[in-house]
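Here is a set of questions and answers for someone meeting this structure for the first time.

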Amino acid sequence: MKSGRLYVLLRAGFVVCFKPGVAFFAAMCWLCPALYGQDTASVKRLAEVQVIERTNTINITSPTPSQVLKGAALQRLNTLSVADAIRYFSGVQMKDYGGVGGLKTVNLRSLGSSQTAVFYDGLQINNAQNGQVDLSKFSMDNIGSIELYNAQKNTIFQPARGFSAGSSVYLTTKSPTFKEGSKDLYKATFKTGSFGLANSSILWQHHVSNATFSTLNAEYTHANGKYKFRYTNGVYDTIAVRNNGDINALRFEAGLKTAITDSSSWEIKGYLYDSERGLPGAIIENRFNYNQREWDRNVFLQSGYEWCGTVYSLMLKAKYANDYLRYLDPDIITTEGFSDSRYHQQEFYFSVASLLKLEKYWNVSISADYARNAMQSNIFRFVNPLRNTALVAIATQLKWSRFDLQANLLSNIISERTQTTTGKNIYKYTPTVAASWQPFNSEAFRLRGFYKSIYRIPTFNESYYTFVGSANLQPEYSRQLGVGFTFQRTRNSGILRNISIQTDIYGNKVDNKIIAVPSLNLQRWTMQNIGRVNIKGIESNLQSGWYVNDKVLINGGLSYTYQQAYDASTDAKPKQQIPYTPVHSGSALAGVLYKNYSFNYSFIYTGERYNQAANIPANYIEPWYTHDLSANWRQPVKGHEINVGAEVNNVFNQYYDVITNFPMPGRFYRLKMTFIY
Amino acid sequence: MKKLTHNYCYLLLAAFVLLTTSCRKDPKPDGEKTETIFDGNIASTIKGFYLLNEGNLNMNKASLDYVDYTTGVYQTNVYSSANPEAGRSLGDVGNDMAVYGSKLYIVVNNSNKVEVLNAKTRKRIKQIDIVNCRYITFRNNKAYVSAYISAVGDANAGNGIVAEIDTTTLSIERRVTVGRQPEGVAIVGNRLYVANSGGYSPKNYERTISVVDLASFTEIKRIDVAINLNRIVADANGDLYVTSQGDYLNIEPKLFVIDTRTEQLKKTFELGVRTFCLDDKYLYTVNSNGQKFEYNIIDVNTETLLNRSFITDGTGAKLAQPYGIAVNPVTKEILLTDAGSYVNPGTLYCFDTAGRRKWSVTTGDIPAHFAFIF
């Protein structure tokens, strides 16, 4: 079986040769009419139907493509960080430098990782320094749901920042479920396993009053980060141990949430993340060991107020964030000792959003955000930039049961100055239109489409990093167009109880892409707006829930992405896939629930890629795919609960790189124990 | 219903098989590729030359190519095909290369090593470990290699070194501490001259050449020149041509001439030198004034800039990043590489003595350094 092509025996009895993507897509299309023709014969509400978890990662009515992982489906993944869970979504490329502490950033539909906004409990985690959020820092311990939206979230009642990114990831922490008559919920978790991992967390949720509860959550992670990797060309072949991958990280969160009246609510949250880690470098010839270290401290305080009336609704949000990053490189000895760079960032953010219900089917909204971002550093000649951003979005929504149209115009006003320059101003206006339509009487099938254009403002590093940054950079401009369908069916009888499918086709263009290029002056790199990328793709997701008998329930999901992302810069050769972007990628998830036990299997596939612009053998990266297995056991004990889980990840011990020369772990194990009181 | 259930099962199974079937190939050494780029001359005095592609930092893509003058054939990845058992590749960032005697020396900067190969068979003879090694030169059966670091993990060990390697035993015999982040090395008489950059401390660049007495192997003095020195070459008259890269902001890059008899600055050229090479009495320099590249020749006997370009057919304006240069000592043809965008394969050009393009060929990433084989 040669790469990319496989032989599949279909039930019809003939042998067909397919590209994997085509086959999967065909299989999905074939499935829909079969189900569509089914009659929901029984309306009898069986208890087991409720037990079958809606594994749905699909939001059928959303005009913008969305994928959701929450509740039990999220727990089944057994992932340590948010980054590991997001890999299961379609259309996602994860940049992963490996290990517990390795940088993990997400790139949706090849727009670039700095075009993805990450929201934590409704407010954006903004990194003005490099524009991307390291998802390895966000623990799965207290996450209740992960939502991913292409373009933007499917609502017009949101902060202007919600409209301002190419795509968005929303992380929402768990809401408590108190037992009858109990005012407190305690949860303690301990995880251990490969890489010298010791992770412990405690959660205390307290029912303060009828409509108010508080949350305290602390987590400590330690790992030595050691794992085996293989370094080979087929003749020279060695297994070595990754060094300098240790991490110590502390996370602490405290929150209070209250419903003041039936129609208004208020919440506040404080967050601290503090870590020290080694930075395992590139595994290159004659050099496997590194000494670089990094310290991160992220603190934020955020608050939100919401009032929902019959005609008018109001949302207020505010945030203060303070980030510190220190990078120590003992391999670079300056006249002041080891190279020791420190970066400080502060953000003040305030948002007001108003929604007006003009008619039963017609809403309009206006959102206005203000943010002030400042950055300081001790690196040579750093100009300490200060940015003021005003974002205003006006939006409208026309919604009937079978048709939903959302449109908005976003204005981006930016004023930036530095210690040495009076600065620059940027004014940009961009529109978004998205619609969802139910063409038939049945609610099961919907069509949708969207268009969005957006400007990505250059990051502080791109503009001002000493010697490399270019202060006169223009924003990156991206346009996205997507159409697709969603299909969902739930039944109360038969083996297959619920199925949902979504498939989208999209085309994106990125202009003025900011890339590093060698300068004319000397052997230095500078940032320039010279990149262009043309992207075309198909994404497909299938989720299903199966009922075997009262004791055995099965969930299964598949996702597949086909993507062409060609470099369309002026000097680029035609049809060259941009670096680190596979044409084919996909994932599969399956879970079996039997009494108090659950068994899960997950699979991820990333097709062949190239690590530099030219699609030539010297830049080729092999496909990689990992199989993960886990088992969980849940036991109620005198009204409390014990939960024990064990995992074997990368079962077949495949040695692979996501980023060239940053090897990923082979087979690894984890054990998890949770006690809920 | 039963029939339908079977359908689902088969389809899910099919999808599963599709997703799980192996698509990985067994790893194998980087392949050698050959192409004929000109008509060979069997009687050529110089048999051919090696071209070292630096490769981008952390990509592990330094590679060695060979151009055979007798056949006109260009061969890529000759190191990997001759030494598949030595490692996955030549290494990370090939920074300098030279032939001495029957051996080829390759300084691989980020792989912290000097590779010593049989110049004919390309078989590895020995790997010599030197942390952050930069440039190499030779005298009296000794190789001299500059390196940024004198001791790993010591914050006070900010000065660089030059290591002396015996070319027979291939072991390091002596070390001398020089300035911070030493770059180019050149020898006149019994003295080694080291261009110090101080590039790790932009607030406080070095501005000197270290003078090392080869007999005692000690630094005997410093010659003050200009900040951030980089390349250095010695002509037959005992003059050193040394480049300063300036501070990339206000202080312009320049080319200086030092007389080694007086060890004093003799002349200054207002040229932002990107790369240069000396052949006989001419120094070929590629310069940038920030707007465009110029391809100049300096007569080192008269120390004057000649009023002509060594590229005359307009090719020079098309090069994105002229990077490495060498002149065939017999035919005087000029070999010049274009590193392009650095992240794409580069191009090697050959120009005749009248400055017209003779041939060109696609190389590895960042083609940079040459070594002729007689």
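## Reading the terms

Chain B of this predicted model has two helices and 29 strands.

Q: Why is B:Glu54 called buried?
A: Buried means under 20% relative accessible area, and B:Glu54 has a relative accessibility of 7%, so this residue counts as buried. B:Glu54 is found in the loop between β2 (48-53) and β3 (63-68) of chain B.

Q: Which residues is B:Glu54 in contact with, leaving aside its neighbours within four places in sequence?
A: Contact means heavy atoms within 4.5 Å, and the partners of B:Glu54 on that count include B:Lys61, B:Val93, B:Tyr323, B:Asp365 and B:His369.

Q: Why is A:Tyr361 called partly exposed?
A: The term covers values between the 20% under which a residue is buried and the 50% over which it is exposed, and because A:Tyr361 has a relative accessible area of 33%, it is partly exposed. A:Tyr361 lies in the loop between β19 (337-359) and β20 (362-377) of chain A, and it belongs to a nonpolar surface patch that also includes A:Trp307, A:Leu356 and A:Trp400, with about 710 Å² of accessible area for the patch together.

Q: What makes the pair A:Asp246 and A:Arg293 a salt bridge?
A: A salt bridge needs a side-chain nitrogen of Lys or Arg within 4 Å of a carboxyl oxygen of Asp or Glu, and the N to O distance between the side chains of A:Asp246 and A:Arg293 is 2.6 Å. A:Asp246 lies in the loop between β14 (237-241) and β15 (247-261) of chain A, while A:Arg293 is in strand β17 (residues 293-308), so the pair ties together parts that are 47 residues apart in sequence. With a relative accessible area of 18%, A:Arg293 is buried.

Q: What do the side chains of A:Asp511 and A:Arg532 form, and which strands do they tie together?
A: These side chains meet in a salt bridge at 2.8 Å, N to O. A:Asp511 lies in strand β26 (residues 496-518) of chain A and A:Arg532 in strand β27 (residues 525-547), so the bridge ties together parts that are 21 residues apart in sequence. A:Asp511 is buried, at a relative accessible area of 14%, whereas A:Arg532, at 35%, is partly exposed.

Methods:
Residues are numbered from 1 along each chain as its sequence is written. Chains are lettered from A and ligands numbered from 1 in the order in which they are written. This is a predicted model: local features need pLDDT of at least 70, side-chain atom pairs count only at pLDDT 80 or more; totals for chains, interfaces and linings use all residues. Side-chain values use heavy atoms; hydrogens and water are left out. Helices (H or I, at least four residues) and strands (E, at least two) are DSSP runs, numbered from the N terminus. Patches are made of residues with over 30% relative accessible area and no salt bridge: like charges are joined within 9 Å, nonpolar side chains (Val, Leu, Ile, Met, Phe, Trp, Tyr) within 5 Å. Accessible areas come from the Shrake-Rupley method with a 1.4 Å probe; for residues, only the protein chains shown count as cover. Buried means under 20% relative accessible area, exposed over 50%, partly exposed in between (1.4 Å probe, protein chains only).
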